[in-house]
Amino acid sequence: MYLNTHTYYSLRYGTHAPRALLESLKNKGVTRFALTDINNTSACLEVLRIAPEYELEVCLGVDFRNKAQQQFILLAENNEGFLNINQYLSEFLSEGTKIPKLAKNLSHTFVVYPFQPSSIIPLKEHEFIGVKAEQLNQLKFSPWKQQLHKLVALHTASFQDKKGFNTHRLLRAIDNNTLLSKLPESEQGSLHDLLRSPEELTKLFHEFPELIENANRLLKRCSIAFDFSKEIPNNQRTYTSSEALDYRLLRKLAFNGLEYRYGANPQPPILSRIEKELDIIQQKGFVSYFLINWKIVKYARSKGYFYVGRGSGANSIIAYLLRITDVDPIELDLYFERFINLYRKNPPDFDIDFSWSDRDDITQFIFKRFKNTALLAVYNTFKHRASVRELGKVFGLPKAEIDLLSKGDFDYSKLDKLSQLVLIYSKYIQGFPNYLGIHASGIIISEKPVHYYTATFMPPKGFPTTQFDMVVAEDIGLYKFDILSQRGLGKIKDAVTLVQHNHPEDPPIDIHDIKRFKQDERIQYLLKNAKAIGCFYVESPAMRMLLRKLQVDNYLGLVAASSVIRPGVAQSGMMREYILRYRFPERRKEAHPIMMDIMPETFGVMVYQEDVIKVAHYFGGLTLGEADMLRRGMSGKFRSREEFAKVKAQFFENCKKAGKPKALVEEVWRQTESFAGYAFAKGHSASYAVESYQSLFMKAYYPLEYMVATLNNGGGFYRPEFYIHEARMHGANILPPCINTSLSETGIFGKDIYLGFGFLYALEAKLIKRILKERSIKGSYLSLDDFLERIPISMEQISILIKINAFRFTGRNKRELLWEAHMKINKSEVAEPQPILFKTARINYQTPNLPNTLMEDAFDEMELLGYPLCSPFYLLREETNKTLRARHLPRFVNRTVQLRGYLVTVKNTSTSKGDRMYFGTFLDYDGDFIDTVHFPPVAKKYRFRGKGIYEITGKVVSEFDCITIEVSRMELLPIIEDPRYSEGAVTTRIHGKRYKNVV
């Protein structure tokens, strides 16, 4: 009789979490029900998988609705029927069309239409009419009373109780973007749609018991089954259409790649590793998975795309030989069992990064090349702040009050009833799915049609996307291919291209010659001195400080640092211990002998994910399968807490039997548990380090081109002005956009860097295209008049170009140009230039003498770029350069100093007690970095107040030769009044230093 049951995946409608629904059904004595979420199949496989735990049998279907108005319910008779329903629903979701009143005739399905007392429609054998308990009185007087065999009891179960109904109404108001008081009844469910027991429903339908019997018979006719054992992957089974041919191809490709990777005479350990991996890959049925990844990267190379293969798959020599990755597992002694073992059911991870500009083409290729392909969804859930904001609007609270509630800045006891309700219900809907999004990188390629498992929707990217996430996909044996995008690869690729244009006399760059880069002294210098601004993964303040503490100058050291920097390692205390053992060899004697034997390369300190498996296997006596389960469990990738608890208990029991001291075992477990969820696999870290070396090479030999490429690819950790600063520190002349030289992106000519038009706030993209197209066809602009004759432009847009000094080639003052533009541009409309036979001279107006200063230029730049192209220190109201610099600080360790710094970035964090504290990064007068620590009392008293120059007072502290200032006082310094609007003349203090060694 349960033909229409909803979870909260009936988005912004249902209120049952899947497990809570099953628990309630079991408690009410239900044994069989149909899950029919509204236009959604997200919960289907999850509920089907866990239902046996609650002794429940599940039928699957979909409640087809236009907004809240039910059109019909489709139930799947079997798996084929579920596929047909998914295909049918996907048509509506992809095309955005309305659902009709009558369902399409689909094989192996049943249709239930909502009861209309006076409307009689001819029904096919598989079609029925669903009658609600509150409609039974109408049924007594309806012609349908004569066709009881076609009627079924239809009870909709959307919520658990009255509170659930109230939550439902709030969700409907959010969905309709309306006040709760104005929510139409047509856009909400009924209070009758509560989850009721079989006894209650039998009582409600006592006058028409046939309807209950018909509903139960219909449910019994539905049966659906999926294999959740994960024994056999459901990914595309073969690449060549034959498993035998697949294996022969994989083997051939692996041995074909030997000479490229290892030369003509590979050593025996390499050959034995190849055979071992091939054997297990074949046994586990992962051959096609490797071949599909090979095909993807082969296509990328054919298009000249840069890519980096990483993830646990980087531990594989087969992946290295197939050029899926660039990490040599033999050189790095990568732990094979982290990559794959006979106990592991899911394939290894291959995360393949492409440039942000290339990834869409790669995705397009995958969809064209492989038949059953879809993107994976993510469930975007209601978070606390968003919930408070949405509910605040629904209850009609003022914006100011909503802001206070969302920030947590209130005294609950002093709030009015409505505000309290907002907070109560925001907790209730927290974690509810709000809408479906797209996984950042996941793509599935299945053997069966994707609709065999799920319906799909079509997001703006234009690729079919599943309605379930990666966890459900793995449960059903569908393992994703990770195709990611990152700007780091775009920077490297663009920098290589810029070098070819700016230094045509230099030999071509082989950016993949990593072996040479590892020996390069310039790169070693940059690493050891942490001069890596702009370089992939090593430019952040935290990484810069770690490199300085470690004084890393080699590849293996950087590989370790890439994982040591992760949160878990630092929080467990292992980062500090690793630094001590790295810098001071005598400290290594304190390592436990077993731990030192397991991890000699990292001095007995757990650094990589593999170390969890090693410690669990060799120290804790677990099998490799149990050890891998432990690793996945610690990273949150487990389904059964009971299973994880058993493995944990086994770890302690084995250690006890081996006679290991309890205190030691507990400490090893604490370290393992605290770090496992965050650490990288060693192969993953090694892949990151390869890209870091590529970017370090470009920074070491072509810093200007590399900084330009960084700017054009969206920057990195820092704001654009700091990459401009870095370029200037390497000798660049930074110039504002020029009408005759600049492009949309930043360009470089020798040492002159011209900022691109795209960096100007509010300058329209279509205008930029027009300027560049006209210039490419008819040549440079000769004057302002010439520009105005060729380009239709508004006064607002020409003002931007003039203020940024883009017409400086005319040799005229920009105030004069602004005055002239005002006189010559029609303010009412922007007219398209018309071709004329004879060109007449424009009227030239006599403009007053209106000089402008470099200070005014600086404020124009701040308005249009967001930062000045001169040093911000020159804009201080009280200028002085008699302050300490970063280079002086080593002489003042443990002493209190005062100095000035231009704020670069702030990291917020919390102490173990929950108090807020900060880490600050500043630039001094010379352009060198200053790092600060703001402990809670100081952080509370002296707050950051936005961009600008701060006067900092604090104690100089040195840890492992890394200098920081523990701040005791901080003040934002005032700058001069904007000279463009001030009454008196402002003396220019830049004195020709406009482009010299400034921020």
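In which sense do strand S19 and strand S20 pair, and over how many bridges? The legends below take up this question and then turn to aromatic rings and charged side chains, all in a predicted model.

**View 1. Strands S19 and S20 within a closed barrel.** Strand S19, which covers residues 896–910, pairs with strand S20, residues 916–923, in the antiparallel sense, and the pairing extends over 8 bridges. Where these two strands face each other, Ser910 stands opposite Arg916 in S20. Both strands belong to a closed barrel of 5 strands, whose order is S19-S20-S21-S23-S22 and whose pairing is mixed. On average, neighbouring strands of this sheet are turned by 50 degrees against each other, with direction ignored.

**View 2. The aromatic pair of Tyr8 and Phe432.** A search of the whole structure finds 50 aromatic pairs, and one of them is formed by Tyr8 and Phe432, whose ring centres are 5.0 Å apart. Because the planes of these two rings stand at 55 degrees, the pair is classed as tilted. The pair links distant parts of the chain, since Tyr8 lies in the loop between strand S1 (4–5) and helix H1 (18–27), whereas Phe432 lies in the loop between helix H17 (417–429) and strand S12 (433–445), 424 residues apart. Tyr8 is buried, with a relative accessible area of 14%, and Phe432 is likewise buried, with a value of 7%. Ring pairs also join Tyr8 and Phe432 with Tyr9, Tyr379 and Tyr428 into a cluster.

**View 3. The aromatic pair of Tyr555 and Tyr693.** The ring centres of Tyr555 and Tyr693 are 5.7 Å apart, and because their planes stand at 70 degrees, the pair is edge-to-face. This pair, too, links distant parts of the chain, with Tyr555 in helix H23 (residues 555–564) and Tyr693 in helix H31 (residues 682–701), 138 residues apart. Tyr555 is buried, with a relative accessible area of 5%, and Tyr693 is buried as well, with a relative accessible area of 0%.

**View 4. Lys150 over the ring of Phe128.** In this close-up, the charged end of Lys150 sits over the ring of Phe128, at 4.8 Å from the centre of that ring.

**View 5. Arg487 over the face of Trp356.**

Key:
Residues are numbered from 1 along each chain as its sequence is written. This is a predicted model: local features need pLDDT of at least 70, side-chain atom pairs count only at pLDDT 80 or more; totals for chains, interfaces and linings use all residues. Side-chain values use heavy atoms; hydrogens and water are left out. Two strands pair if DSSP finds at least two bridges between them. Helices (H or I, at least four residues) and strands (E, at least two) are DSSP runs, numbered from the N terminus. Axes are lines fitted to C-alpha atoms, for helices over the stretch in contact, and angles run from 0 to 180 degrees between N-to-C directions. Rings of Phe, Tyr and Trp (its six-membered ring) pair if their centres lie within 6.5 Å; planes under 30 degrees apart count as stacked, over 60 as edge-to-face and the rest as tilted. Buried means under 20% relative accessible area, exposed over 50%, partly exposed in between (1.4 Å probe, protein chains only). A charge sits over a ring if NZ of Lys or CZ of Arg is within 6 Å of the ring centre and within 35 degrees of the ring normal.
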